[in-house]
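Hi,

Here is the structure I promised to send over. Have a look at it first, and then read on for my notes.

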Amino acid sequence: MPFYTKLLGAKYTKQVDKELRASHAGETGAVWIYRGAMVAEFISSLFRISKSKDDSERFIREHLETERAHLAIFESEMPLFRGSFILPLWIAAGFITGFLPRLLGKNWFFYTIYCVEEFVDLHYDEQCKNMSALSIPPSNVIERFQHCQEEEQHHRDEALAMMTQQPSLPMRLWGRAVEKGSAFAVAVAKLI
Ligand SMILES: [Fe+2]
Ligand SMILES: [Fe+2]
């Protein structure tokens, strides 16, 4: 194999590997967002006078199922890739991102999910564009990314529809921090 072909092949594999690692870390974090929210939901239910199940519990359960399915796609249907060395950190970050806002209230939680999914949608979009521009686009990977992206868009829209008031200034600031944090996490997960 000529040297430049080998070099091109290595660069290509590295690029796809990075995208898979970043999104695998993201989907792991997403599962833990909902697990964190589930714990907070349970804690707040202890202090609720009415014990009737509410809509946020259904929302959390359904979204958790979808995120687990996304994670399974990365773990069993994708080409082999190196996972992030700091997955426990993404798990902890995910847990806090779901737990804290749900403790603060439903609107805090739904707004957080809206911000996270808005970020994830744009990120999947960018990844699909980058991979489509490769010499041989990995269509199996791109198709699965697009499938996840469609469901994230649905999550985003559903979260927005569940809100009962406009986000307050502290909520907006938190949302910005979540977006910046997600962008930082993607950059780090691509490397380690
Ligand atoms: Fe997902
Ligand atoms: Fe999602």
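Let me begin with the metal site. Going along the chain, the donors of the iron ion (ligand 1) are spaced as E-x39-E-x2-H-x81-E. Bear in mind that this is a predicted model.

In atoms, the iron ion (ligand 1) is coordinated by E27 (OE), E27 (OE), E67 (OE), H70 (ND1) and E152 (OE), at 2.0 to 2.7 Å. E27 belongs to helix α1 and E67 to helix α2, so this pair ties together parts of the chain that are 40 residues apart in sequence. Both E27 and E67 come out as buried.

Now for the other metal. Which residue bridges the two iron ions, and how far apart do they lie? The bridge is E67, and the iron ion (ligand 1) and the iron ion (ligand 2) lie 3.8 Å apart.

E117 and H155 are buried.

On to the aromatic side chains. The count comes to eight aromatic pairs. One of them is Y34 with F109, an edge-to-face pair with 6.4 Å from centre to centre and 90° between the planes. Y34 is in helix α1 (residues 3-46) and F109 is in helix α4, so to speak of sequence, 75 residues apart. Y34 counts as buried because its relative accessibility is 1%, and F109 is buried as well, with a relative accessible area of 0%.

F74 and F145 make a pair of another geometry: their ring centres are 5.5 Å apart and their planes meet at 40°, so the pair is tilted. This one links helix α2 (residues 55-76), which holds F74, to helix α5, which holds F145, across 71 residues. Both F74 and F145 are buried.

There is also an aromatic cluster, made up of Y34, F59, F109 and F110.

The charged end of R35 sits over the ring of W32, 4.8 Å from the ring centre. R82 lies over the face of F85, at 4.1 Å from the centre of that ring.

Finally, the confidence. The chain has a mean pLDDT of 91, and 92% of its residues reach 70 or more. Where is confidence lowest, and where is it highest? It is lowest in α1, with a mean of 85, and highest in helix α3 (residues 87-104), with a mean of 96.

Cheers

Methods
Residues numbered from 1 in each chain as written. Chains lettered and ligands numbered in written order. Predicted model: local features only at pLDDT ≥ 70, side-chain atom pairs only at ≥ 80, totals over all residues. Heavy atoms only, no water. Buried < 20%, exposed > 50% of the residue type's maximum accessible area, 1.4 Å probe, protein only. Phe/Tyr/Trp six-rings, centres within 6.5 Å; stacked < 30°, edge-to-face > 60°. Helix = DSSP H or I, 4+ residues; strand = E, 2+ residues; numbered from the N terminus. Lys NZ or Arg CZ within 6 Å of the ring centre and 35° of its normal. pLDDT = per-residue confidence, 0-100. Donors = N, O, S within 2.8 Å, 3.2 Å for Na, K, Ca; no water.
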